[in-house]
Amino acid sequence: MNKEKLKVDPIKNGTVIDHVTAGKALKVADILNIGNSTKEIMIGLNLSSKKMKKKDIIKVENREISKEEANSIALISPTATLIIIKNYKVVKKFGIDIPKEIKQHIICPNSHCITNLEQVKTRFILAGKNPIEVRCAYCEKKYFIDEVKFSF
Amino acid sequence: MKHLISMQDVSTKDIMKLIDLADKIENKKINVDMTGKLAALLFFEPSTRTHFSFETAVKKLGGNTFSMSGTNSTSVKKGETLSDTLMTISMYADLIVMRHIIEGAARFAAETVDVPVINAGDGTNQHPTQAMLDLYSIKKTQGTLENLTIGLIGDLRLGRTVHSLSQALSDFNTKFYFASPSHLQMPKYITDDLDKKGIHYQELEDIKEVMHELDIMYVTRIQKERFAVLEDYEKVKDSYIITKKLLEGVKNNFKVLHPLPRVNEITTEVDNTKYAYYFQQAKNGVYMRQAIITELLNLKY
Ligand SMILES: [Zn+2]
């Protein structure tokens, strides 16, 4: 990240979410409830990146996003790196852990699945990491992450 | 074990324990007492054979049943949620056996009620008591579940029986042959799992060439309706019909299994050979279901 020239201004205090999957920054901002705040936010879309061709980037002033919060974006942007900045200096840098079990946020694409017919929160088990694959704990069907829809 | 919902939850240790228990029940080495216990047999999707098998199993253990078949005569029709129906029934019953067309319905039931739940089939997903009785039949005829060569033949894409069975057998170093028309092959998620476990399998269109290697051939029906063009069905159908001639030169311990009902995929001339085992297999189903009920209800013997 240091060598890649940032196309947006540096921040004094806050969090930089780098290497966000291209096109997903707005969704990430939504999940982390960034969009609703009055803090200064910068979002870059489809920036070029050595690591991943195209990437998105988000910078939030005056908010330190925790590891736990960050993990909630694992499914839509598993490659993201979080950089915590204090007084223009990087004080912490961490990646995302993909949880073994994902409760409630994934909608099961199987129309014959009980989760689409009764009042029941979905539960998915991580079945593969590259690419991310999940298995419905109810109907046991497996899906790639691109095949499922989310409800956040 | 509290419930039996999916073979995914059943360890090899559980499998061996249930087989041992079924064997003891069948050979009258133990006497299980289910007196005073009530099993609700909820067949939201009717299935005469599985229903009768469970009913026989409960009654042979000395328990009682009450039953439901289809969704017409029940509160389901009145718009009650499945959750409410199950909650109410669990107030009366000590055990719920449930078949439902909806996938995941049994898992949902187990999370909803306090009594043990047995999945008697949930849509195209799981039918674990069938898988368990198949394993019991294989163990009885071969003396072991380890290192066997097993041919699965027919509609392997949509047959949940063959899916659960291949998943369960993958922990016993099985060598598989999968024979099916090309568009009815084993789903990728099953073969992916086998790859991960390093299990040997080969996909064929014709089982003939490997018959002499097999210990077990598990036959399932290919439905005409699965073919878009009738001519395609006519072209392949004979390759998936088991005749006496096909069985020439098979191993001495070889057996043919079938989950039943059969239509024409095994000719009746095979019934009188020593290789036919499908009717005994159905009988084994009662012993295995007795064993499963004994285990889940912690019955005394
Ligand atoms: Zn599902």
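This is a predicted model: local features need pLDDT of at least 70, side-chain atom pairs count only at pLDDT 80 or more; totals for chains, interfaces and linings use all residues.

**Domain contact, then chain contact**

The partners are B:Glu26 and B:Lys140, whose closest N and O atoms are 2.9 Å apart. I also counted eight residue pairs in polar contact between domain 1 of chain B and domain 2 of chain B, with both residues at pLDDT 80 or more.

I then asked which elements give two or more residues to the side of domain 1 of chain B that touches domain 2 of chain B, and noted α1 (12-26), α2 (48-60), β4 (117-122) and α9 (278-296) of chain B. The largest share of that side, eight residues, comes from α1(B). By class, I recorded twelve nonpolar, nine polar and six charged residues on that side of domain 1 of chain B.

For the extent of the domain contact, I noted that 27 residues of domain 1 of chain B touch 21 residues of domain 2 of chain B, and that the two domains bury about 2100 Å² between them, with 65% of it on carbon and sulfur atoms.

The contact draws on 17 residues from chain A and 19 residues from chain B. Between chain A and chain B I counted four salt bridges, and I looked up the one joining A:Lys142 to B:Asp193, at 3.8 Å from N to O.

Definitions and conventions. Residues are numbered from 1 along each chain as its sequence is written. Chains are lettered from A and ligands numbered from 1 in the order in which they are written. Side-chain values use heavy atoms; hydrogens and water are left out. Contact means heavy atoms within 4.5 Å. A salt bridge is a side-chain nitrogen of Lys or Arg within 4 Å of a carboxyl oxygen of Asp or Glu. Buried area is the accessible area (1.4 Å probe) that two parts lose on being put together, summed over both. A polar contact is a pair of N or O atoms within 3.5 Å; within protein, one must be able to donate a hydrogen and the other to accept it, and residues adjacent in sequence count only if both atoms are side-chain atoms. Helices (H or I, at least four residues) and strands (E, at least two) are DSSP runs, numbered from the N terminus. Ala, Val, Leu, Ile, Met, Phe, Trp, Tyr, Cys and Pro count as nonpolar, Asp, Glu, Lys and Arg as charged, and the others, Gly among them, as polar.
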